[in-house]
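Hi,

Here is the structure I said I would pass on. Have a look at it first, and then read my notes below.

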Amino acid sequence: MIPLEKAQEYVLQQCLVGSPECRSSRSSLGLVLADEVSTDEDVPPFDNTAMDGFAVRSEDTLETPKTLEIVGTIAAGTIPDFSVNSGQAARIMTGAPLPPGADSVVMVELTKVEGNQVTVERLVPEGNHIRRAGEDLRAGQTVFEKGTRLTPTHLGVLASIGCLEVNVFPPLRVGVVSTGDELVEGETFLKPGQIRDSNRHSLLALLNDLGLEGVDLGLIPDDEEAIEKTFRSACSGVHRCDVVVSSGGVSMGDFDFVKIVLDRLGDMRWMQVAIKPAKPLAFGLVGNVPVFGLPGNPVSSLVSFELFVRPALRKMMGHTAIWSPKIKAVTESAISRRPDEKTHFARVKVSLVDGSYRVESAGSQGSHQLSTMAEANALAVLPDGTGVQAGDSVEIILLHQLTRGLNVS
Ligand code: AMP
Ligand code: MG
């Protein structure tokens, strides 16, 4: 067996980020910036009103109530061709620029209008309800650092500074395939000995969650020819995948043809990693495409994804932080294990109680018991030994959905 860190290091060494490309900002959602973005415009570009109301001179309202003459109206998108002089006011709509002479805005709700006169009830402080040019972003400043992942809001900001194109790391196409004669898809009645394929569905969904394009390479039987055809078309043929993730056929079974095929096609390493679940891991390059052969047991394949595939994909996507957050938590009740020279990753439920993270087991820990993985929102790292007692501190790896739920990044 090799230590987890050695296996991770080996994988990451060979997973390289792609060359940056220039893309339209609007088609860059979810991608990572390869260069910083700066603005050559102020946002907002000019002083404007935050309210519908009247543009006035603050000094005119020192004594109230004060009646002023309405000298014009300024809609958003228009430029006033008049000034507001002493004793005057202008109707103004949210987003419109201030007319010369005016230095503040009173909201319409605090005024009374009669004909072309408006009465202001209270003092309007200088600058009232005015949004200054550059208050959001200043011309010349850096807006986003290299390594920023573009969310919908980032695309909004890019639009607000007129940035139509960005340099980003290219999107990844990641192929997913399930292997196994016993596997069937979806709605068929199960014949004796058959089970339904779940790995492909959870793996494709994990890719989706990461903002990547998952390519469904299907479900293939334990058949050498079929396996070879699928890997060939995934790595160099029609599918043009940047990464391929397969599950099943990498352990010690007699019909594990994935090993035979991948050894023929690429430069693979077959590892026994000192972890549980997910001890067997195949990884290597077919051409220059990283290929992960994950174990078939559903929990093993997902734990493998978290420990090896997710960090590798994050690196290839251009992220600077590639590891999932690890935090310390206190165990609510004992989580036991047997000494076996492996690090165990136990499915746990974590909650935030009075500012500290508390964990309890999510239930049965068999690597075929996927339902408790769905219950879990973190993996507790249990070093070799007998486990942890209630009240012990334990390190946990937050699973993706939790990272959002508990607001830790
Ligand atoms: P293998 O790694 O192919 O030896 O498979 C180990 C165990 O995982 C076996 O019990 C398989 O039936 C099961 N298994 C393999 N692939 C899948 C899959 N895609 N979905 C659900 N279970 C699977
Ligand atoms: Mg199998």
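Which residue has a polar side-chain atom 3.1 Å from an oxygen atom of ligand 1? That's Ser251. Before we go on, keep in mind that this is a predicted model.

An oxygen atom of ligand 1 sits 2.9 Å from a polar backbone atom of Gly249, and a nitrogen atom of the ligand is 3.0 Å from a polar backbone atom of Ser198. On its own, ligand 1 has 480 Å² of accessible area, and the protein covers 78% of that.

Now for the helices. Two packed helices are described by the angle between their axes and by the distance between those axes. Here, take helix H1 (residues 4-14) and helix H6 (residues 298-317): their axes come within 10 Å and cross at roughly 35 degrees. The crossing is right-handed.

Which residues make this contact? From H1 they are Leu4, Ala7, Gln8, Val11 and Leu12; from H6 they are Leu307, Phe308, Pro311, Ala312 and Lys315. Eight of the residues in the contact of H1 with H6 are nonpolar, one is polar and one is charged.

Cheers

Conventions: Residues numbered from 1 in each chain as written. Chains lettered and ligands numbered in written order. Predicted model: local features only at pLDDT ≥ 70, side-chain atom pairs only at ≥ 80, totals over all residues. Heavy atoms only, no water. Axes fitted to C-alpha atoms, helices over the stretch in contact; angles between N-to-C directions. Helix = DSSP H or I, 4+ residues; strand = E, 2+ residues; numbered from the N terminus. Left-handed = near helix turned anticlockwise from the far one by under 90°. Contact = heavy atoms within 4.5 Å. Nonpolar A, V, L, I, M, F, W, Y, C, P; charged D, E, K, R; others polar. Polar contact = N/O pair within 3.5 Å; in protein donor to acceptor, adjacent residues only side chain to side chain. Areas by Shrake-Rupley, 256 points an atom, 1.4 Å probe, with all protein chains shown as cover.
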